[in-house]
Amino acid sequence: MISIGTMIILAVVLALITRVFLMKHKLLSWVLFSAYTAFSVFVLLKLYGNWNYFETMNLSYLVGRINMRPGFMNKPLGWFFSFFVMAMSFLNSFFSMGFSKSIHSRNIVPHWLMILAASLTVFFTKDWLLFIIGWETLGWASFFIIMGGKQKKYKDSMSYYFFSLVSGMLLIAAVWMIGIKFRTLNIHTTTRSMIILAKNTPWQAFPILLMLTLSFLIKSGAYPFHIWAPRAHKSAPADFSPFISGIMIKFGIFGLLLYVIPIVSKGYAGYSIFGMPVFAWVFSWLGIITSAIATVLAFSENDAKRLMAYSSVANAGYIITAIFLGTALGIKGGLLHAFNHMIFKAVIFMTIAAVVYRTGETDMNKMGGLAYKMPITFMTFLLGIIAAAGIAPMNGFVSKWMIYQALLGQKHYFMTVAMFFASTGAFLYLYRALHAIFLGQIREVHEREVKEVPFLMQIPMWIGMILMFGLGVFPGYLLRPMMPLMKTFGSSISESLNVVQGSVGSLNTLFSTVIFILGVVIAAAIFFLSAKTHKTPMMDNYTSGEDPEEWNVTPNKYQFSYGFYEPITKMFAWALKRSVDKAYFKASYILKIIGREINMIFTDHNNWGYAALLGLLAMIIGGLFL
Amino acid sequence: MVGLLFIGLGRIITARVQRRIGPPFYQQFIDVIKLLARESIWHHWIMTLGSIMALGGLIATMVHVPVAGWLPYDSGGPIFLILYLATIGYLGMAMGVSASGNPNAPLGIGRALSLMLGYEIPFAAILILFISLTGSSSLTEIAAMQAGGFLSWNIVKFPLAFIAAEITVQAMMAEKPFDQMIAPSEIASGPLVELGGKFLGLGMIQMAVAIYFETAIMVNLFFGGGANIFTFTLKQFGVYTIAILINSVMPRYKIENAVRYLWTVPLALIIIQMLIVFLR
Amino acid sequence: MNTYLTLLIILPVFAAFLMYFFRKADNWINIAIMSFVTLFGTVSSLVMLFSQGSEVVALGGWKPPYGIVLVGDRLSLIFVALIYLITYLIAQFGGIERTKVNDHKSGALFMLLTAAAAGMILTGDLFNFFVFMELAAISSYVLIAKGGCRSSYTGALKYIFTGGLASMLMLLGIGILYNTTGTLNIAHLMLRIGLVGDSLRWLALGLVLCGILLKMEVFPFNLWVPESYKGAPAGMKIVLGSILSTVGGYTLIRLYPILIQNPGLIKMLLPLALLSLILAELAAYREKHINRLLGYSSAGQMALVMLAILFGGRMGIYAAIFIVIAHALAKAVLFFVGAHFKKSTDSSMWESYRGLSKTSPIGAVLFTVAALSLTGIPGMMGFWGKLSMIGAGLASAKYFSIGIILIITIVEGVYFLRISGTLYQSNESDVKAKASYLLIPAVILVLIIVLIGFWPGCISKIINGGVSAAERSSEYAKLVLDYLL
């Protein structure tokens, strides 16, 4: 039995090897990466079901008065997240193997391996110290990857890193307070102690919980910390974007589920509102607000990656809302949506990366009609956005349905309406992306040069399509293995393959899909039984049969893409004026000015007297008052 | 089929309101058959895919709406499934016409989607109101809740909600003042611009099916479902008539005004209704 | 074994004079002398360190508390080893190129500086400490001024003024202490400090602290920092950053038992340390000249050390020692690599280092690792220090300070990684890497940093020994005073 510790060390070693020796050999690096992820999937599969497994490493740290022996434990929550991380990375590796031939690609394998090592650490750790170590490592490893994108500028990456640092600092502070209070850093024990603490003296538990929640929310891109998401997505290398959107946003969710949710749902004896502790209610609403704002921001977005980034943020919002509900259904819906989102978002980003591979563009206003040249990519993207919009029969529908059920079950009607808004809005901007990139009229330059992506890159797309559809029809394939996971949250409903239970209804996915297929068959029958059709090139119809070349002019191409939803964006213009983005800019600007002024203190020769005075004053005042 | 009949009758009513005689009531059938029999042009297989997907989705939706308490299989008339399956219909149509290459099509789609954002919200609110009352998201149950005669119909119990729903459904069916999607004089019929022959035929069928199940939903929600198929159909027609009547006399909204309107007036009505219900 | 302690101080002095005799010879003789001496110092101090004993030497046979003693207990041995290691690396690699700067005079002064630094650490007598401090200071003044650019003179001048002032204050404080307690032996002082009246004690300690705080680059005594760091020649920069500040840190840790007896003093010093931290890091945030930036960073880190000591407790001292060591190592790396970059690009503005990762990939990695260590990223040594410090602060309920520290860490992380990011940007220039030998010492140090980062256990025993030594004044006193009686 391969131990988790070995897997982590293996990843680090591989990362070092690739970094030192293989930077120039991209293909080989990706093959290595692929092998590693496949191997870890295999190891993980072996570990499934073995929930009492734990291991301790032979190192012993003395941190303060707390003696720690770091170790790993195999719990369902960690297992699932690890499994998806590894599996999606594995899929992605095929894609990257093909992508590496493009001039836009950089060798990000070493850092990605570090991220995988850090993920394993975070997901399986037994104690908080390793958690912190993994958390911080995620931060800086991602910094270098995100920076390696097409622009190779670090500003966007820095934005991400800043938030990662804030999240990390909050985490360290919270963990220390836990350690000091409970004299141990073992996650298991501290969860139990925390529940007791929250039950008896909620005021003491509150600051710690708040810090932890904020830390995890920052990592998830919730409002008002969502700034880094679009920037990081845009700048990251195209084949890493699937990972960012699918996986990295989920680390925060993992943290919430690991520690905050169990405590909030089981024991928090603070004030209650609408049957939920206020703490949870506030954050549930925060999730909704995040979705709403992200959706609105997505309407006016012209860059494909940024648009999808906002979509990820919105989906993270749904998940946050669902899990803070605290009910088994809510957590199940949130978790299922998290996993589904990992799949469909990764797939969508892979298609975008495929477009980048062929056209070098992510600006949607510069594209159009690519479906005619890249049919597989188009189909994948189509299925992806159907899933993302939560439309049957794809997997996104099942999880969204569950979340609605969870909300309604707890009688949160306003939240449901708001979520509807976000959901419908999602459909809007996703369609816009579909149209602007793949449909409509194609540019001449693309008409000439673009063809479908190589087969190697298509493999994950095909697999993704099958997964999305399969899980949409048979959600049980995911829900069944999740049963032990749900047990840790107190729910022991046994899942069937295709019927999903909700709180105000139930859903039979197999039947609905069959009906849908029947409908399609009927429609197709009507279609094909009617008169025959006649294919003509698009321009003929458009130019009413005239041939512009006859008059030495080129056909007037007109792709409607810019300002697609101008009416809606106009409506929201008043809200978009005050953006959190600008607030951050202002803050950083102020910081810069302060820095410069302080710089002057040191270098300007005349200021000594003032400086000395200031120091003296500080001493006196501080001594008197502190 | 019934939908087509409705449309035909609708045209007569419109005409009569507009002081014309109007075509015979079976005109719509003739139109569809004619269209289906015509040779048509297409530009890309996506157009075909889109049309089929659209109609397929709409048919699937229709199957899930209980008609006079009857369903092909016992799905319970799940509301969310219905809503989302309908969206597939939309998506299919949108995709198909986008692939036609004419920019008027996506113009229309963009408007249609914006409008959808507008009407989904109040509609969702209405649905949620009913779900909260029955504790179930099944249309059959909501219909069953109204059993027991004329006075227990939801239209009587929740009149404000009904008015709000009417406005919303008006938008759903893309009738004036909410027909920005088609807007014949503005954007050359929008999505329909490149559809010819059997595509257009399919499109008409799509419209018919949509009208059918939209009115059916309304009947289930407000008019007590109906004991048998005849009363049900009659009620559906009643709903449709109201829509047509409004359509024939009103001009068109601008999109932003339409969305704003949809978000304020019906939503306000529903909120008031909810408050009344909850505070009682 | 007794003689080794003495040798640690005497040998470099000999070397200094020796170098004067060889002044007409080639450069390599200078390097050989210096390297031999410092290598010897490193090895012997490391051996003593790991052999778990403590040594006390009474110079001249005069028994304490009348004579001067050299104390090599667990704490001082750590620091002596650290200092010698870095001086060895500077001696071996820093002076390979013979320039106007690296002549025999600089070498001699450098040796004197080493001797003085070792002396400051090993001595058990307060006045002796002062003497060595002055020796180190004077050597520093000259060495800084040898930098050749305008800032060298400005920096050196500022250092002279502030240093002179601080020294005088310190002398005054020592005088008061001598007057009231009658002894200059540190161990004896620890026992007798209670004899001094309250307010007088405050005054005396405050004055003595002035001198120490100057070395530790605490505001408002750190106005000399940016210019000096900028103007000093490359080797001297490392001395400033890694050695002199370390000595200051050591002294503060040593005086910890005396400090904690005056909680009022601690209360007064805390805001000063915080202010120093904030100002230093914020100034670094905006700084474009890399050496000044590193100078501010030094000041900031030393402020962190001071805060750790002020938090108190075993965890606080542990953190302080750890951070001092981590900082010394990392700063040395940063300066070595920085010198390499400067030689390659002829510029000291970090913005012009864009894309240097292509020219000097190892250099970029080394820089990044050291920077990450300073910020406290796990996997490198600095993490454990920062972690312990935050724990210490929370344990003593100093939440406000911890909050500030965490915020400042974010600022630190941003500006360091900003430079790192610049290094990795794409650039089409063809800069040739020069003076790559400067990277060798950096590699060695980085390896140490990473090793301890992943496995702090390997030195935790030693450090814990140091912590105990620092914490218990009675033990120290016993060690010193009873040893020879």
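Chain B of this predicted model has 12 helices and one strand, where helices (H or I, at least four residues) and strands (E, at least two) are DSSP runs numbered from the N terminus. Reading from the N terminus, the order of elements in chain B is α-α-β-α-α-α-α-α-α-α-α-α-α. Of the 280 residues of chain B, 64% are buried. Here a residue is buried if 20 or more other C-beta atoms lie within 10 Å of its own, exposed if 12 or fewer, and partly exposed in between, with C-beta atoms placed from the backbone. Two residues are in contact if their C-beta atoms, placed from the backbone, lie within 7 Å. Among the contacts of chain B with a separation of 6 or more, 79% are between residues 24 or more positions apart.

Residues are numbered from 1 along each chain as its sequence is written, while chains are lettered from A and ligands numbered from 1 in the order in which they are written. Because the model is predicted, local features need pLDDT of at least 70 and side-chain atom pairs count only at pLDDT 80 or more, whereas totals for chains, interfaces and linings use all residues.

How confident is the predictor, then? pLDDT is its confidence in each residue, from 0 to 100. Chain B has a mean pLDDT of 68, and 47% of its residues reach 70 or more. For chain C the mean pLDDT is 81, with 93% of residues reaching 70 or more. The model as a whole scores ipTM 0.81 and pTM 0.85.

Let us turn to chain A. You will find 26 helices and nine strands in chain A, and buried residues make up 59% of its 626 residues. Of the contacts in chain A between residues at least 6 apart in sequence, 79% join residues at least 24 apart.

In α15(A), 14 of the 15 residues are buried, and the helix is followed by A:K411, whose phi is positive, near 60°.

A:M147 lies in helix α5 (residues 128-147) of chain A and counts as buried because 29 other C-beta atoms lie within 10 Å. A:E301 sits in the loop between α11 (278-299) and α12 (304-324) of chain A. With 21 other C-beta atoms within 10 Å, A:E301 is buried as well. Not counting residues up to four places away in sequence, A:E301 touches A:R306, A:L307 and A:Y310. A:E301 and A:M364 are 63 residues apart along the chain, with 9.0 Å between their C-alpha atoms.

Helix α3 (residues 74-94) and helix α4 (residues 104-122) of chain C pack at an angle of about 170°, with their axes 9 Å apart. Axes are lines fitted to C-alpha atoms, for helices over the stretch in contact, and angles run from 0 to 180 degrees between N-to-C directions. The angle makes α3(C) roughly antiparallel to α4(C), since angles over 145 degrees count as roughly antiparallel, under 35 as roughly parallel, 65 to 115 as roughly perpendicular and the rest as oblique. On the α3(C) side the contact is made by C:S76, C:F79, C:V80, C:I83 and C:T87, and on the α4(C) side by C:T114, C:A117, C:A118, C:I121 and C:L122.

One residue of α3(C), C:V80, leads us onward. C:L49, found in helix α2 (residues 27-50) of chain C, has its C-alpha atom 9.1 Å from that of C:V80, 31 residues apart along the chain. C:L49 is buried, with 22 other C-beta atoms within 10 Å.

Definitions and conventions
pLDDT is the predictor's confidence in each residue, from 0 to 100.
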